[in-house]
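The sequence and structure are shown below.

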Amino acid sequence: MMAALDGRVAIITGAGRGIGREHALFMAREGAAIVVNDLGGANDGSGSDAGPAQEVVDEILALGGRAVSNTDNVVSWTGAKAMVEQAVSEFGGLDILVNNAGILRDAFVASITEEQYDSVIDVHLKGHFAMLHHAAAYWKDKSKAGEQVAASVINTASASGTFMPNPGQANYGAAKAGIAALTQVAADELGRYGVRVNAIAPIARTRLTLATPGMGAIFAAEVPEGEFDMFGPENIAPIVGYLASEKCPLTGQVFGVQGGAIQRLVGWTIADTVETKGPWNLDDLPEQLAAWS
């Protein structure tokens with residue numbers, strides 16, 4: 001029986017630990033060749049270590065799968081391009097991009113530093129875009145050359161940037177909300193080239209969630225042996241595997257994902273409207289908008 005991802009080639013960023021590692025192992029078991037990217041830094045993005053990416057590669061090879069490691073920084077425009085080139089040179093192409101790499105530099109709005117803000121926006125939002133840009137350019141060229149493309153991008157948003165804003169995460173939440181919007185724009189643009197783009201907002205136990213103020217105790221709670229672990233990061237991989245499969249029709253969607261639940265998220269919608277036949281009058285606005293307070 002053919003596995004769901006046989007013959008497909010995937011890049012997974014931030015795949016050395018946590019959710020990204022589970023994506024890589026799941027997709028490898030389903031037949032995909034994997035570029036396992038991970039800078040190997042700390043939660044705040046500092047430092048680097050080639051070990052985590054290579055360890056996942058070793059696990060995949062031990063399963064009989066195909067994988068190579070990559071330690072480029074997703075923030076680097078040239079590093080993102082090199083990742084796409086590595087997938088093509090090692091495995092003959094690229095069919096799947098999973099943008100998963102991320103860091104945390106939590107701080108309240110009044111006290112956050114410029115560096116704390118910029119570093120999180122860079123890794124999450126620019127990192128997603130840099131990878132998306134170079135992958136999209138590759139697929140566009142293939143499509144323009146007359147080749148059939150059936151590619152998939154899965155971005156990683158967050159509950160923090162969509163339906164559950166979290167105090168202390170202005171940088172992280174803003175980046176994740178941007179990723180959700182980027183997903184929808186890219187889906188509209190890239191469909192003509194045979195590329196589907198979706199996003200997930202996962203809730204799972206990872207290094208980052210364990211370090212999130214107010215959330216660590218929830219995620220750290222022990223699960224009795226034999227019981228379903230609703231926060232296990234392995235629960236996120238199956239939906240990502242499905243979104244990455246050639247037969248999946250979904251695009252432009254954002255899904256909340258947790259063990260036992262998948263939710264389709266809908267962004268900004270028009271809830272109420274007030275109208276005027278002429279220019280707005282400042283004196284009238286308090287009465288017109290009173291119901292919204």
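## A residue ahead of the sheet

Arg8 is placed in the segment before S1, strands and helices here being DSSP runs (E, at least two residues, for strands; H or I, at least four, for helices) numbered from the N terminus. The model is a predicted one, in which local features need pLDDT of at least 70 and side-chain atom pairs count only at pLDDT 80 or more, while totals for chains, interfaces and linings use all residues. Residues are numbered from 1 along each chain as its sequence is written, and side-chain values use heavy atoms, with hydrogens and water left out.

With 4% relative accessibility, Arg8 counts as buried, a label that applies under 20% relative accessible area with a 1.4 Å probe and protein chains only. The side chain of Arg8 reaches the backbone oxygen of Ala150 at 2.9 Å, and the backbone oxygen of Ala244 lies 3.0 Å from a polar atom of that side chain. Beyond residues up to four places away in sequence, Arg8 touches several others, including Gly31, Asp95, Ser152 and Glu246, where contact means heavy atoms within 4.5 Å.

## The sheet and its helices

The open sheet has 8 strands in the order S3-S2-S1-S4-S5-S6-S7-S8, with mixed pairing; two strands pair if DSSP finds at least two bridges between them. Strand S3 (66-70) and strand S8 (261-265) stand at the edges with a single partner strand each, so one side of each is left without a neighbour in the sheet. The twist averages 20 degrees from one strand to the next, with axes fitted to C-alpha atoms (for helices over the stretch in contact) and angles running from 0 to 180 degrees between N-to-C directions.

Strand S2 (residues 33-37) pairs with S3 in the parallel sense over 5 bridges, and Val35 has Val68 in S3 as its bridge partner. Helix H1 (residues 18-29) packs on the sheet, touching S1, S2, S4 and S6, and its direction makes about 170 degrees with that of S1. Helix H2 (residues 51-62) lies across S2 and S3, running at about 175 degrees to S3.

## Nonpolar cores

A nonpolar core is a set of buried Ala, Val, Leu, Ile, Met, Phe, Trp, Tyr and Cys residues joined through side-chain atoms within 4.5 Å. The largest has 37 residues, and those with the most contacts inside it are Ile11, Leu94, Trp139, Leu190 and Val195. Its largest share, 9 residues, comes from H4.

Technical notes: Buried < 20%, exposed > 50% of the residue type's maximum accessible area, 1.4 Å probe, protein only. Polar contact = N/O pair within 3.5 Å; in protein donor to acceptor, adjacent residues only side chain to side chain.
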